[in-house]
Structure formats: structure tokens, C-alpha cells
Amino acid sequence: MSASAPEGSPPSPGEPPSPLRAEARYFCTVGRGLEPFLTREIRARLAATEVEYISGKIFFTTNSGLAMLKKLKSAERLFLLLKRQSPLVISSGSKGRLFNEIQRLVTGDPMCWVQAISIWRRLLELEEKLTPEVSKSSKRKTGENENIITKKLKIEQTLVMPGDTECHLEKNDKIEEHKDLITEKENFQEESENHGEKDVEHHQGKLTFRVSCRCSGTVAKTFTTQEVGRVIGIALIKQFGWKADLRNPSLEVFIHLNDIYSVVGIPIFRLPLASRAYIKVAGLRSTVAWTMASLAEINVGTVVLDPMCGLGTILLEAAKEWPNACYLGADVSDSQLLGACDNLKSAGLIDTIELLKFSVTELPLLSESVDVIISDVPFGKKFKLEKDIKSILYEMERVLRVGGTIILLLSEDLHRYLQDYKESNIMWNSSKDSCTNEFKIVKYVNAEKKNGIQENVSSSSQDHRQECLNERPLLGTLVQMECHKVSLGRTEAFISKYKKIHTCGLQQPS
């Protein structure tokens with residue numbers, strides 16, 4: 001995407017370039033395993049150059065404005081890069097010498113601070129100017145109702161039984177203001193005119209700050225984060241005359257010391273990019289949800305299903321990024337669907353995503369009626385691995401069109417279990433596939449219509465269904481295209497992408 005056009009007259013000789021004209025160096029923190037996705041996103045959205053990544057961080061250069069920087073979906077936090085250099089050399093020497101090196105890392109180049117804070121201030125000032133425009137753009141366009149009607153008609157054609165397929169959860173609740181998710185903006189009253197150490201002390205003297213430290217590797221064995229933070233804080237107070245404020249600072253200084261590099265930066269936003277303002281009830285990490293959706297090849301008119309939608313995070317992320325598709329979410333839990341409905345209202349997507357109360361093993365959908373399935377498979381206490389995975393995957397295969405895509409988030413155990421069945425993905429006896437078309441799901445609307453959620457019963461024989469499941473090879477028509485190991489914090493998981501290559505009962509092409 002192209003950068004914003006330069007504004008104003010060109011700088012005079014000797015004048016430092018305006019932050020609106022000059023490129024700046026940034027870095028993002030990112031969950032482990034998502035680095036390649038964020039790298040591609042940064043290049044595509046920001047037209048960034050000098051993009052490089054190491055574990056957990058992406059460094060890049062761009063002249064994109066704040067509005068574009070905010071659109072990064074797979075990043076955790078965004079920082080303005082002050083310094084990146086080789087790691088501290090930890091020896092048996094005194095801590096005093098090492099503390100001096102840490103102080104020089106932060107305050108050794110006052111001009112670096114002048115430029116960085118000037119860019120930071122300008123970005124926030126630009127955001128304040130754009131705020132009225134954002135509120136105007138939130139109004140519904142005249143053609144939006146027509147798009148909603150078209151999507152609902154396509155969804156109704158997908159369901160087996162025509163009729164009232166709207167099952168939005170009606171709940172008398174108000175949309176709360178997301179005060180804790182609105183990025184706090186700081187106004188600075190004086191403009192810098194000179195560029196040197198004297199200017200830093202004069203212009204930034206009224207700033208309040210706090211230091212956030214992260215130490216790992218050998219450094220963490222030598223210092224505590226509290227020690228490093230205290231040393232850096234004292235250095236900034238002495239150098240620039242700033243005042244420390246741990247509760248509500250106008251500026252945060254971030255430093256990460258490890259065995260590979262030493263990095264100093266300023267967070268652009270107080271809250272992480274991963275904290276979505278439109279998500280009221282948090283579920284799956286939004287960065288992981290967006291990454292899954294980005295693999296799904298969603299286009300205009302694509303029918304997207306999450307048969308275990310939970311709080312709806314995956315569908316929210318997909319609908320925000322690709323709004324011209326048709327979205328369906330199903331779950332058996334009333335509490336999860338209520339939370340999902342709250343999220344839809346908060347995100348303004350109540351007319352874009354349809355919520356259904358159905359089991360993932362008995363979906364009220366025609367065979368081969370869905371283009372994309374994206375889901376976080378919640379195996380654990382609720383599901384039994386060997387018993388339930390076959391019926392779940394079988395039902396996903398049934399409703400998925402040939403050429404369609406399935407994106408699954410799998411636990412390590414489930415991933416290992418499915419890998420053992422790779423050799424089974426060769427062919428399926430066509431004489432036994434007739435059971436596929438015999439499962440006619442009849443939609444049943446609960447007479448009480450609790451919360452407006454639809455219930456269902458099946459007219460097929462459960463014994464016949466189970467017999468087919470037992471005889472059929474796992475992943476009979478699905479071929480794994482990609483697999484990515486990602487971090488969910490304390491646990492690891494796998495994002496797996498599958499393609500349906502043929503109709504059930506046909507031999508897989510050689």
C-alpha cells in the first residue's frame with residue numbers, strides 16, 4: 001500500500017526531515033510461530049522495507065501513518081525503535097561496569113531521543129486530527145443493507161430446511177463503552193526547535209515515564225529486571241530531567257536484553273495491537289484467530305463456517321478483514337453463544353454473522369455447501385480424542401465443497417494423533433460412501449426459543465452413522481497443505497490447513 005503523500009513545503013537545508021515525510025524504523029513483538037505471517041502482513045499493508053525477523057520480533061522501516069500501523073492484525077505490540085545493538089558481554093567483572101554499559105545503551109545518543117520522540121508526538125497528533133473522520137466513517141452506507149440481504153439469502157440456501165434461520169441471541173444488554181481498550185493519547189505542549197542534548201532537556205523536561213524491562217539468557221542470570229529498570233530510570237532522570245511515574249506515565253521506555261541483541265524502543269500505543277477494541281468477551285488470542293483466517297483464502301461471497309465458534313473470535317477477525325463473505329457460527333453451549341452475541345454487537349457485526357445452536361457432529365447444512373471451515377478444536381475434558389475426532393472431521397468433510405479449505409487449531413496431542421493417520425488418506429471405498437448422502441438433518445426450533453437459539457434433531461439412524469464412521473478412513477478426502485507450530489502462551493499448538501480434493505467415494509487422484 002502506498003504511503004501518505006508528503007505534506008507542506010520541502011525542508012530547508014540543514015533542517016531535519018519531518019516525521020510525516022521521513023521513514024522511521026519500528027519493531028513489533030509477535031507470538032512464536034507467527035513471525036512469517038506478520039512479515040508478510042507488514043510488507044503488504046505498509047509497503048515496508050528492510051524487513052527482518054528474529055524469534056518473537058519483526059524489524060522494519062516504513063513511512064506509513066498511524067492509521068495504517070494500527071491495522072496490523074498478527075502483531076502483539078508496536079514500538080518505535082531507538083537502538084538495536086549487540087548483546088552485553090557478561091563477564092566476571094563488577095556489576096557497576098555492566099550497569100554503566102546499560103546506561104550508555106539508553107542515553108549515549110541524545111539525538112536519537114529527539115528524533116524518536118518527535119516522530120512519536122507527530123503520530124499521536126495526527127491520530128487526534130483523524131479521530132472525527134473515523135467517527136463519521138462508522139455510519140452505515142446506503143448499500144450495506146442490500147449486501148446484508150444478499151448474504152442472508154445465500155445462507156438460507158445453504159441450510160437444509162428453509163425458514164427463519166436468523167438465530168441471533170436476543171439479550172437485554174447495553175453496549176458498554178470500552179474505556180479500557182481505547183488507546184490513550186498524550187498531548188505535549190512545547191515543540192522542539194533545536195536538536196541536541198540541550199534541546200532534549202528543555203523540550204522533554206515535562207515528560208513522565210516508566211521503564212519496562214525484559215531480560216533473558218545470561219543477562220537474566222546476572223541482573224533482575226528491577227535492577228535494570230532502576231539503572232535506566234536513574235539515567236533518564238539525570239540525562240533529560242524526566243519524572244518517573246509508574247501508574248500513568250506519558251511515555252514508556254521498553255528494553256529487552258538477551259544473548260542475541262539489546263533493543264530499546266518506545267511503544268506507539270499504550271495497549272497492545274492484539275487487544276481488539278471490538279472484542280468485548282475475550283476468547284482465543286485475536287492474533288492467532290486472524291492468522292487462521294488469513295490462510296483460508298476468503299473471497300467475496302465465500303461461505304465461512306466455524307462449527308465450534310465459542311465466543312466467535314475467529315469469525316470476528318475474519319469478518320472484520322474480509323467483510324463481503326457469508327459467515328456462520330455454531331456451538332452447543334448457551335453461555336458461549338451469548339458471549340459470541342455480545343461480541344457481535346460490540347463489533348457491529350450482528351447482521352454479518354449468523355449464530356446457530358447445533359452440535360459440530362450434526363450440522364443443519366447441505367452436503368458440500370460450505371467453502372471454508374475454520375475452527376479451534378477444543379479437545380480436553382469436554383471431548384474424547386479417539387471417539388469424537390472421527391465424527392467431527394467426518395461432518396466437516398460432508399458439508400465442505402470439493403476444493404474447499406479447512407483450517408484447524410490443534411493441540412499437540414491431537415496433531416500427533418492425526419499425523420499417525422496420514423497414510424490412511426489414500427482412497428475410500430465408493431460402495432460405502434452412500435451413507436454420506438443419507439444423513440438428512442432436520443432443523444427443529446425449540447418451542448421455548450430460549451435466547452432465539454435454534455435446536456436440532458436428526459432423522460438419520462445414529463447406529464448407521466456410527467457404522468459408517470467406524471469403517472471409513474480418517475481424513476478420507478482431505479489433504480494437508482500446511483502446518484504451522486504456534487505458541488498459545490504456556491502451551492503450543494498447530495495451525496493445520498487442509499483441502500478437500502474430491503467427493504466422498506471417489507478415488508483420490510494419483
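This is a predicted model: local features need pLDDT of at least 70, side-chain atom pairs count only at pLDDT 80 or more; totals for chains, interfaces and linings use all residues.
## Overall architecture

The protein chain contains 14 helices and 17 strands. Of its 510 residues, 50% are buried. Among contacts with a separation of 6 or more, 77% join residues 24 or more positions apart. The chain exposes about 24600 Å², of which carbon and sulfur atoms supply 50%.

Ile-406 lies in strand β13, which spans residues 400-411. With a relative accessible area of 0%, Ile-406 is buried. Beyond its neighbours within four places in sequence, Ile-406 is in contact with Ile-373, Met-396, Leu-400, Leu-478, Ser-496, Lys-497 and Tyr-498. The C-alpha atoms of Ile-406 and Gln-480 are 9.2 Å apart, although 74 residues separate the two in sequence.

Ala-289 belongs to helix α9, residues 286-294. Ala-289 likewise counts as buried, at 0% relative accessibility. When residues up to four places away in sequence are not counted, Ala-289 touches Leu-284, Thr-313, Ile-314 and Glu-317. Gly-312 is 23 residues from Ala-289 in sequence, and their C-alpha atoms are 9.7 Å apart.

Side chains of opposite charge can pair when their charged atoms come close. The whole structure holds 17 salt bridges. One of them joins Glu-76 and Arg-285, with the closest N and O atoms 2.3 Å apart. The pair links distant parts of the chain, 209 residues apart: Glu-76 sits in the loop between α2 (66-69) and β4 (77-85), and Arg-285 in the loop between β8 (262-267) and α9. Glu-76 is buried because its relative accessible area of 16% is under the 20% limit, whereas Arg-285 is partly exposed at 39%.

Asp-371 and Arg-401 also meet through their side chains in a salt bridge, at 2.5 Å from N to O. This pair links strand β12 (residues 370-376), which holds Asp-371, to strand β13, which holds Arg-401, across 30 residues. Asp-371 is partly exposed, with a relative accessible area of 21%, and Arg-401 is partly exposed, with 28%.

## A salt-bridge network

The side chains of Glu-482 and Lys-497 form a salt bridge with an N to O distance of 3.9 Å. Glu-482 is in strand β16 (residues 478-487) and Lys-497 in strand β17 (residues 492-500), 15 residues apart. Glu-482 counts as partly exposed at 27% relative accessibility, while Lys-497 is buried at 6%.

Both residues belong to a network of salt bridges that links Glu-297, Glu-482, Lys-497 and Lys-499. Lys-497 is also among the contacts of Ile-406.

Notes:
Residues are numbered from 1 along each chain as its sequence is written. Side-chain values use heavy atoms; hydrogens and water are left out. Helices (H or I, at least four residues) and strands (E, at least two) are DSSP runs, numbered from the N terminus. Buried means under 20% relative accessible area, exposed over 50%, partly exposed in between (1.4 Å probe, protein chains only). Contact means heavy atoms within 4.5 Å. Accessible areas come from the Shrake-Rupley method with a 1.4 Å probe; for residues, only the protein chains shown count as cover. A salt bridge is a side-chain nitrogen of Lys or Arg within 4 Å of a carboxyl oxygen of Asp or Glu.
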